[in-house]
Amino acid sequence: MPDTPMIHLENVSKAFGGRPVLEDISLDVASQEILAIIGPSGCGKSTLLRVISGLDKPDAGVVELGDDNLTMVFQYSALFDSLTIFENVAFSLLEKPDLGTSQKARPKYTEQQLRELVHQKLLMVGLDDIQDLYPNQLSGGMQKRVSFARAIMSDPRIILYDEPTAGLDPIASTVIEDYIQTLRNEIGCTSVVVTHNLTTIRRIAHRVCLLFGGKIQWLGPAQEFFTTDNPYARQFAHASLEGPMTHIE
Amino acid sequence: MSNTQLFPITRYLLSQVSHGTTDFLYRLGLATQNTLQTAYFILKGRLSKNLFAQQAAFIGVDALGISLILTLFSGMVIALQVAQELTKQGAGNFVGALVAIAILRELAPIMTGFSVIAMVGSAYSAELATMQIQKQIDALRMLRVDPVRYLVVPRLCAAVAMLPLMTILTAMAGIVGGMVVSYVVADLNYNNYMESVWRQVETRDILGAMFKASVFGALIVTFSTTIGLNTKGGAKEVGESTTRAVVWSFIAMAIADYVLSFLLFQEN
């Protein structure tokens, strides 16, 4: 268990329409850690991420964050279609904040300063010269990287990734995994990554949290995930039909 | 025979009424919540001038043309129905007044409202519903921007400001349409027609029409955006939300029209 958790969950429960999705989840995530949340489809991974982000309120339990400068990268990028890439990435600096505990005005920038900042963030995710394009003019992988750039514009301390490699080819997935690792190293953020992808766990995760039936079935270091005797972890790691997890979606 | 087998049609109708009432109250609650949040942001002065200007241009460009056509023909139809008859009865001097009052008090705000529902309300609902299912609304929240402040406030303010202006323009089109038809079918002189308009139309008719249009604008945007923002599901639900927004906007406008007509134009 980390000493100074950046994210602290205690007995968190959440149900939808009377169906429990999360039951008594307790979990700590340390500063600068990359935690992978895995599990079969419909097991509550994304719900857990939404509860951490504050998009959904838990029915019971406590969610505490070490820093409220938190952002989320969505499964299908969630870029604003009607805005250019520049406006998307600079959005958090162009718009005065309404929500959150720190509602202080963001610093004023000139258009040129903003363009330079956006340029820097896009370079961090390997993109350039696309500021005046619209999201629908980019490939899925590029849109995903733009959503990374938008997320890191405010130098967040916590980044939540909802299936960042979903729908991408293996090479594009590797690129995205590398950027998660790079962002963590460069801005020193804590990362929680919801994924189905075993390669993502192998390449970037420090710890793995396996959810099933609304509960944490296994939580431990990533290198032990592939060797543990835990029947849930073994079944998931070997993509086996034999085991305690029945497909629930 | 068990109770559940008795009066199946009555039971079905009652369940439909019950479901419809619950749905109406639920949406009314959401719309009220949205309105209160919108009022809060307006009172705090959190209206983006750029977004307001964009939305005002969108409403004007998209809906003005069709509302001009609708009101022009409405004025022509009224004149067609009454000009000959009134002239025969020796009341030709009242044709202009009758057309103008009908247009100003009722048809111009209503036709403008219809056009805005069809061209703008449906577009708002579809746009916000798509943003909701594509998680763009969640993305706004994660960027600490309130979706009501960013998406609803400028649209509502633009509608409240633009609909009265559009109504005045469409009323002018309707009155002119009536004038042309009166001349064609009843040989009514343009000067007599316009003199009749100026004699009978009062300031309160013009202000009442503008006020009605503002209220219609607020209702249309409130229902369209509330329904759009509360969409769940996929492409099918986007379509359903758009239809629902149009239907609820029509109903809300019809109720408001009766109440406002009673309050604004009823003689003591």
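Me: What makes residues of chain A and chain B count as being in contact, and how many are there?
Reply: Two residues are in contact if their C-beta atoms, placed from the backbone, lie within 7 Å. By that rule, 15 residues of chain A touch 13 residues of chain B. On the chain A side, β5 (70–73) and α3 (91–94) each supply at least two residues; helices (H or I, at least four residues) and strands (E, at least two) are DSSP runs, numbered from the N terminus.

A word on the model: it is predicted, so local features need pLDDT of at least 70, side-chain atom pairs count only at pLDDT 80 or more, and totals for chains, interfaces and linings use all residues. Residues are numbered from 1 along each chain as its sequence is written, and chains are lettered from A and ligands numbered from 1 in the order in which they are written.

Me: Why is R145(A) called buried?
Reply: A residue is buried if 20 or more other C-beta atoms lie within 10 Å of its own, exposed if 12 or fewer, and partly exposed in between, with C-beta atoms placed from the backbone. R145(A) has 25 other C-beta atoms within 10 Å, so R145(A) is buried.

Me: Where does R145(A) lie, and which residues does R145(A) contact beyond its neighbours within four places in sequence?
Reply: R145(A) lies in helix α5 (residues 140–151) of chain A. Its contacts, those neighbours aside, are V125(A), G126(A), L127(A) and Y179(A). V125(A) is 20 residues away along the chain, yet the two C-alpha atoms are separated by 5.9 Å.

Me: How many helices and strands does chain B have?
Reply: Chain B has 8 helices and 0 strands.
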